[in-house]
Amino acid sequence: MNSQKCNCGKPAVYLRLNEGRHYCGLCLTRQIERNFTKTIAKENMVKKGDSIAVGVSGGKDSMVLLHLMNKLRKKVPIKIFAITIDEGIKGYRNKSLAVVADLTKEMEIEHHVFSFKDEIGASLDELKESKFCTKCGVFRRYMLNKKSRELGATKLAVGHNLDDEAQSVLMNVMRGDVGRIKRKNGSNKFVPRIKPLKNIPEKELVAYAIINNIPYFEGECPYSFDNMRRDVQTIINEMEAKHPGTKNQIVKFGQKVRFVKEPQNIKDCSKCGEPSSQEVCKACQLREEVKKS
Amino acid sequence: MKVKINGKLVLVKGKTVKDALNSAKINSETVLVKRKGQLIPQDEPLKDNDALELIAVISGG
């Protein structure tokens, strides 16, 4: 029996360091679900009649997101469907796809899978070069937006958590890229992206998945060893362990910067017509590189 | 105090889960810890010969 106790008197399973408060499984579950609904309400992320594409990779974030969106659709009249991008990573994506297929079947949710191979002509495994993470990220975002729009989605829900948000802010700081923090949408081809988990730490999402028996694929992408985000993640986690609340403060910094100067516009790519912050979108630039290789 | 972390014996300086993780040079932000199949908070006191199971927080791409 755990000796630390939740405020309700039950054995604690989790300590939220920045609050100095212990939580039992049930209180942590309620707290996370409240955070999810509060984030949605605060930013008007969901409206009655929305058709929401949920980007699901099979990892813990997107599986928790799908679980919570499934609960939400029982209270709010919205349609949800799952969308997965198959990058073609043998021994990784095929395994996570199976986890998504099982859960969507159990929840009776439509599941659409689109592959790099069909869209750009090559799987990630077939790209025998560097910059895997850049290419993967660009094509994944490109395809998620395009396919969601083609399937009639009014919103695209993604499983970005508080850690992801903090990492993005710090990466933009390290790249000296203020524009990326501040950009706004100016394209009607951009399916509004919602991030209902953005205020929930990654660690709490794993705890939520375990407590509520939500299956997820635990594997790590074989290409993620050499990626800036992973380095930034290590730095932030070291700071958070020493100075609890660091992740929240980094995200708050990003939110404040967003309102300081004129934001960078997103327009339509002159080649493919998809939303882009540049004249020719990154996906088209990389597609040219792929064709040449 | 000696505890097992994922089956590996670790000599712990201190009394809590976080102390055990520090002794094993594991950042407490990157894992959740179970004892006897139950999640435990990082300030939970440990006993000699406790067996801990770690769950990685970081996964995916």
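**Notes on helix packing, hairpins and the chain contact**

1. Helix 6 (residues 162–175) of chain A packs against helix 10 (residues 246–258) of chain A at an angle of about 55°, and their axes are 8 Å apart. Helix 6 of chain A is therefore oblique to helix 10 of chain A. Oblique covers what is left once angles under 35 degrees are taken as roughly parallel, over 145 as roughly antiparallel and 65 to 115 as roughly perpendicular. Axes are lines fitted to C-alpha atoms, for helices over the stretch in contact, with angles running from 0 to 180 degrees between N-to-C directions. Helices (H or I, at least four residues) and strands (E, at least two) are DSSP runs, numbered from the N terminus.

2. A word on the basis: this is a predicted model, in which local features need pLDDT of at least 70 and side-chain atom pairs count only at pLDDT 80 or more, while totals for chains, interfaces and linings use all residues. Residues are numbered from 1 along each chain as its sequence is written, and chains are lettered from A and ligands numbered from 1 in the order in which they are written.

3. The crossing of helix 6 and helix 10 of chain A is left-handed, a term for a near helix turned anticlockwise from the far one by less than a right angle (clockwise would be right-handed). On the side of helix 6 of chain A the contact includes L162(A), A166(A), V169(A) and L170(A); helix 10 of chain A contributes residues including I250(A), V251(A) and F253(A). Residues are in contact if their C-beta atoms, placed from the backbone, lie within 7 Å. By class, this contact has seven nonpolar, one polar and three charged residues. Ala, Val, Leu, Ile, Met, Phe, Trp, Tyr, Cys and Pro count as nonpolar, Asp, Glu, Lys and Arg as charged, and the others, Gly among them, as polar.

4. Helix 5 (residues 132–150) and helix 11 (residues 282–292) of chain A have axes that come within 9 Å and cross at roughly 125°, which means helix 5 of chain A is oblique to helix 11 of chain A. This crossing is left-handed. K135(A), V138(A), F139(A) and Y142(A) of helix 5 meet K282(A), A283(A) and L286(A) of helix 11. Five of these residues are nonpolar, none polar and two charged.

5. Is C24(A) buried or exposed? C24(A) counts as buried because 22 C-beta neighbours lie inside 10 Å (buried needs 20 or more, exposed 12 or fewer, partly exposed in between). C24(A) sits in the loop between strand 2 (21–23) and helix 1 (25–42) of chain A. Its C-alpha atom is 5.3 Å from that of C6(A), 18 residues apart along the chain.

6. In chain B, strand 3 (residues 31–35) runs antiparallel to strand 5 (residues 51–56), joined by five bridges (strands pair if DSSP finds at least two bridges between them). V33(B) is opposite L54(B) there. Strand 3 of chain B also pairs with strand 4 (residues 38–40) of chain B, antiparallel, over three bridges. These two form a hairpin with two residues between them, and K36(B) in the turn has a positive phi of about 50°.

7. Between the chains, 20 residues of chain B are in contact with 26 residues of chain A. Strand 4 of chain B gives the largest share of chain B's side, three residues. That side has nine nonpolar, eight polar and three charged residues.

Notes:
Two residues are in contact if their C-beta atoms, placed from the backbone, lie within 7 Å.
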